Amino acid sequence: MLRDSDAAALRDALRTADYTVGAVTDLLGADAHRALMRNETTPGRRATTDGSPLSTLTRLFALQVPVAVEQAERALPGLVDALSVAGILERSVSEVAARVDLRAYGDDWRDWWVVCDLTPGLDGSPRTVGPEHVLGISEASSSLAQLTVREPVGSALDLGTGCGVQSLHLATHADRVVGTDVNPRALAMARLTASLNADDPSVPVFEVRDGSLLAPVRGETYDLIATNPPFVVSPATGERLVYRDSGLPGDEVVRRIVTEAPAHLNPGGWCQILANWVHAEGQPWTERLTEWLSGTGCDAWVLQREVADLPTYVEMWLADAGLQGAPDYVQRYDTWLAWFESQGIEAIGFGWLSLRNAGRDAPVLRLEEWPYEIEQPISPHIAAWGARTDAYAHATDDELLAAHLVQADGLVQETVGPAGASDPEVIMVRLQRGVRRAKQLDTVEAGLVGACDGDLSVGQIIDALAQILGHDATELRAATLPSVRTLVADGYLR
């Protein structure tokens, strides 16, 4: 563990070298950067030979190339010995190598540094990782970051913090952030991540606690819980990689979070989960998850993004563990499939769960499959769904008729029909933002949506359409209101 003074000096050295995502990307160039994303370092090595502190840090951490002691001392003045003692670097007589990854991370608004384990499998080397391997920035962590609602809150919980990347995001809009984990190596790295990104390393940007699932926050409540738990569906036997294997059978870890986390939510608080779940023989996946959600008292929107067949699923996670080509690869593969068969598991679903403590006696549950295009980040649209649900899920007919609705941002209408025809055969509306849905409308629905600009109430618009089309206004109101509820629930109108 680094002393606070050494952490402060390391942060200052990284800043001085401009060790940021933008600077590293510019240094490497587009081709070398793309190659590194494919775990190939040769183009990057060729682009980082000028001996500058930025090149040295990029070679040392991103490319995992040993550098001369003199270059390391120039990039990290007075720190090489302290970082070696802390296990971050390894120093020989002439060279310095990285023992962990100190990764530049950020977006258009901010720059961070994340401490994690080195990326395995560079340049075709074996992709082997230890049981306590601490994953860096992954596709899953990026997905959760884009899913998490970014409204200002008083408190936030990062359940299973790993290297701390979600906690960094949460700290941008939460007054207090707690990250938890059971992996001692992850706890140490998350604490260093929290210190490096603080103005004063003695006051880290988030708190880190040791413990399984919600045990470290027993009796506490939060405005926001975000978690990318170890959700891999596997037998709870044998060795496990802590970052992905919970030690619980099947999807039990996700069930526990879904059923137990709501007790830790403040009124209006969100719990957002990236997860896998079982598709069991003879039971729709929506029924399985509804059973989990029904006792929580939370509104919930669940999007199933993918469904993996069992061989594909096993192959993906065996490859993730670097076991392709291992002597017992076939045995492991067969054992996993045999366990699936014994448990009556047909497939594995992957997706996003967003729960909200809305304080309703009859919560709103929306479970749907959506493998199609989504605009990221999806978080503003999750928040908007919560607001629409508050406003209209339990609105009476009279309240809905009195509502002044407007079209969703970027809503477009498409029509199909013979050229020159007075009326189209098909009218579609299509969302360009968030979940990019499309819906076919009839004439009344199309007229309603077209007139929703906030000036007239829903009732006034329907009455006007009744007069134009020669329908009874009362009957048309009754016939159209279910469509209005659907258009609002699906986000076409707000």
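Biologist: Fine by me. What kind of model is this?

Modeller: It is a predicted model, where local features need pLDDT of at least 70 and side-chain atom pairs count only at pLDDT 80 or more, while totals for chains, interfaces and linings use all residues. Residues are numbered from 1 along each chain as its sequence is written, and side-chain values use heavy atoms, with hydrogens and water left out.

Biologist: Sheets, then. In which order do the strands of the open sheet come?

Modeller: The order is E14-E15-E16, three strands with antiparallel pairing. E14 and E16 (438-441) are the edge strands, each with a single partner, so one side of each has no neighbour in the sheet. On average, neighbouring strands are turned by 25 degrees against each other, direction ignored.

Biologist: How many bridges join E14 to E15?

Modeller: Five, with E14 and E15 (residues 426-430) running antiparallel. One to look at is glutamate 414, whose bridge partner in E15 is methionine 428.

Biologist: And which strands does helix H17 touch?

Modeller: H17 (residues 443-451) packs on the sheet and touches E15 and E16. Its direction makes about 120 degrees with that of E16. Contact here means heavy atoms within 4.5 Å, and axes are lines fitted to C-alpha atoms, for helices over the stretch in contact, with angles from 0 to 180 degrees between N-to-C directions.

Biologist: Switching to charges. How many salt bridges are there?

Modeller: The count is 29, taking a side-chain nitrogen of Lys or Arg within 4 Å of a carboxyl oxygen of Asp or Glu. One of them joins arginine 244 and aspartate 320, at 2.9 Å from N to O. That pair links distant parts of the chain, 76 residues apart: arginine 244 is in the loop between strand E9 (222-227) and helix H11 (252-260), and aspartate 320 is in helix H13 (residues 310-320).

Biologist: Is arginine 244 buried or exposed?

Modeller: Buried, with a relative accessible area of 8%. Aspartate 320 is buried too, at 15%. The cut-offs are under 20% relative accessible area for buried, over 50% for exposed and partly exposed in between (1.4 Å probe, protein chains only).

Biologist: What does glutamate 252 pair with?

Modeller: Its side chain forms a salt bridge with that of arginine 256, again with 2.9 Å from N to O. Glutamate 252 is buried at 18%, while arginine 256 is partly exposed at 29%.

Biologist: What about arginine 494, which partner does it have?

Modeller: Aspartate 409, with the closest N and O atoms 3.1 Å apart. Arginine 494 lies in the segment after helix H19 (473-489) and aspartate 409 in the loop between helix H16 (397-402) and strand E14 (412-416), so parts 85 residues apart in sequence are tied together. Arginine 494 is partly exposed at 43%, and so is aspartate 409 at 48%. Elsewhere, salt bridges with shared partners join Arg127, Arg244, Asp245 and Asp320 into one network.

Biologist: Nice. How many aromatic pairs turn up?

Modeller: Twelve in the whole structure. Phenylalanine 231 and phenylalanine 350 have ring centres 6.1 Å apart and planes at 55 degrees, so that pair is tilted. Phenylalanine 231 is in the loop between E9 and H11, phenylalanine 350 in strand E12 (residues 345-356), 119 residues apart. Both are buried. For tryptophan 277 and tryptophan 285, the centres are 5.7 Å apart and the planes at 15 degrees, so they are stacked.

Biologist: Which cut-offs apply to ring pairs?

Modeller: Rings of Phe, Tyr and Trp (its six-membered ring) pair if their centres lie within 6.5 Å; planes under 30 degrees apart are stacked, over 60 edge-to-face and the rest tilted. Ring pairs also link Tyr313, Trp317, Trp336, Trp339 and Phe340 into a cluster.

Biologist: Last one: where is threonine 58?

Modeller: In helix H5 (residues 53-62), buried at 0% relative accessibility. Leaving aside neighbours within four places in sequence, threonine 58 contacts Tyr19, Val24, Leu27, Leu28, Thr48 and Leu63. Arginine 103 is 45 residues from threonine 58 in sequence and 8.9 Å away in space, C-alpha to C-alpha.

Note on methods:
Helices (H or I, at least four residues) and strands (E, at least two) are DSSP runs, numbered from the N terminus. Two strands pair if DSSP finds at least two bridges between them.
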